[in-house]
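I am opening a notebook on this structure. The entries below record what I looked up, in the order I looked.

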Amino acid sequence: MRNLTETNLTDAVLAKLEGAADPRFAQVMTSLIKHLHAFVREVELTEAEWLKGIQFLTATGQKCDDKRQEFILLSDTLGVSMLVDAINHRKPSGATESTVLGPFYVSGGKELPFGSNIAEGVPGEPTYFSGRVLSTGGKPIPGAMLDLWSTDGEGAYDVQLGDGNTLRARGKIKTDAQGRYAFWTIKPVGYPIPTDGLVGRLLKAQDRHPYRPAHLHALIFKQGFKVLISQVYDPADPHIDSDVQFGVTKALIGDFVRHDEPHPTATDVGAPWYSLDYVYKMEAGEAVLPRPPIK
Ligand SMILES: [Fe+2]
């Protein structure tokens, strides 16, 4: 250890992992150190840049509290969250693609009868979502629980408003015997991720906008099937091809149909209103719920 040089330093640091009892820990740390050292060598990091990096990470941590997670935001905007999701939820062909759960998932959405409005009294354009939940083989899945949430018509999630405890534009709907689901809500609206922290500064430095395109979240649970976490996106959103979190894939784009006449039977629904038909396809497997909500 007395003849360390720029060339042999990495091996000396890696050798320190030989005593690690957990083999996975040793594997992850070995790779992390190798890539970190390679990065420093590749860009020939200056001391000023090193300090700037330390200050950036420090300030990112200081921005976090029980409601705000700036590191997850950083991970999202660097595409790391979607990469981790893609690696951990590789789907067979025919299954609906998975996407990130996002920071606005909270438990507690009420179960409502088939066809209910999950966004009663919420400002926005009325939208009728319906479709089916099927297996990858095309068989209907009865009794699947859809846990649904979206922004209101102004781009805000319920948990961002007031004290954050009044849930709206959020609810659970169960599929019927034919695997069908249906509910009313309001048309989701695109929204910016918070930009008053370090991630905002990082986006600005890259000349990137902070918007996510409009989408409806769904977490679908049924014993015997892998829990499906998905989002359905609105193709008319101006940011559909530049999602700040890299969450959009072709299969997750919904076909929102605009209606310029009042709804024929729902007398409280005037024009315009929208409808969307979307089929979710679930992969057979163990139904494991995701991480608990961050809050
Ligand atoms: Fe969202």
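Entry 1, salt bridges. I began with R68 and D196, whose side chains meet in a salt bridge at 2.9 Å, N to O. I counted a salt bridge when a side-chain nitrogen of Lys or Arg is within 4 Å of a carboxyl oxygen of Asp or Glu. R68 is in the loop between helix 3 and helix 4, D196 is in the loop between strand 5 and helix 6, and 128 residues separate the two. Helices (H or I, at least four residues) and strands (E, at least two) are DSSP runs, numbered from the N terminus.

The model is predicted: local features need pLDDT of at least 70 and side-chain atom pairs pLDDT 80 or more, while totals for chains, interfaces and linings use all residues. Residues are numbered from 1 along each chain as its sequence is written, and side-chain values use heavy atoms, with hydrogens and water left out.

Next I looked up accessibility (buried is under 20% relative accessible area, exposed over 50%, partly exposed in between; 1.4 Å probe, protein chains only). R68 counts as buried because its relative accessibility is 16%. D196, at 54%, counts as exposed.

D196 has a salt bridge with K63 as well, with the closest N and O atoms 3.7 Å apart. K63 lies in the loop between helix 3 (47-62) and helix 4 (70-77), and D196 in the loop between strand 5 and helix 6 (198-205), so this pair ties together parts 133 residues apart in sequence. K63 is partly exposed, at 28% relative accessibility.

I then took the pair D152 and R168, where the closest N and O atoms of the salt bridge are 2.7 Å apart. Both residues lie in the loop between strand 2 (145-150) and strand 3 (170-174), so the pair ties together parts 16 residues apart in sequence. D152 is buried, with a relative accessible area of 3%, and R168 is partly exposed at 25%. Through shared partners, salt bridges join K63, R68, E70 and D196 into one network. My count of salt bridges comes to ten.

Entry 2, the iron ion. Which residues coordinate the iron ion? I found Y157 (OH), Y191 (OH), H215 (NE2) and H217 (NE2), at 2.0 to 2.3 Å. Donors are N, O and S atoms within 2.8 Å of the metal (3.2 Å for Na, K and Ca), and sites may look incomplete because water is not among the atoms. The spacing of the donor residues in sequence is Y-x33-Y-x23-H-x1-H. Among them, Y191 in strand 5 (residues 191-192) and H215 in strand 7 (residues 215-221) are 24 residues apart and link distant parts of the chain. Y191 and H215 are both buried.

I followed H215 into strand 8, where its bridge partner is Y233. Strand 7 and strand 8 pair in the antiparallel sense over six bridges; two strands pair if DSSP finds at least two bridges between them. The open sheet has four strands in the order 3-2-7-8, with antiparallel pairing. Strand 3 and strand 8 (228-233) are at the edges with a single partner strand each, so one side of each has no neighbour in the sheet.
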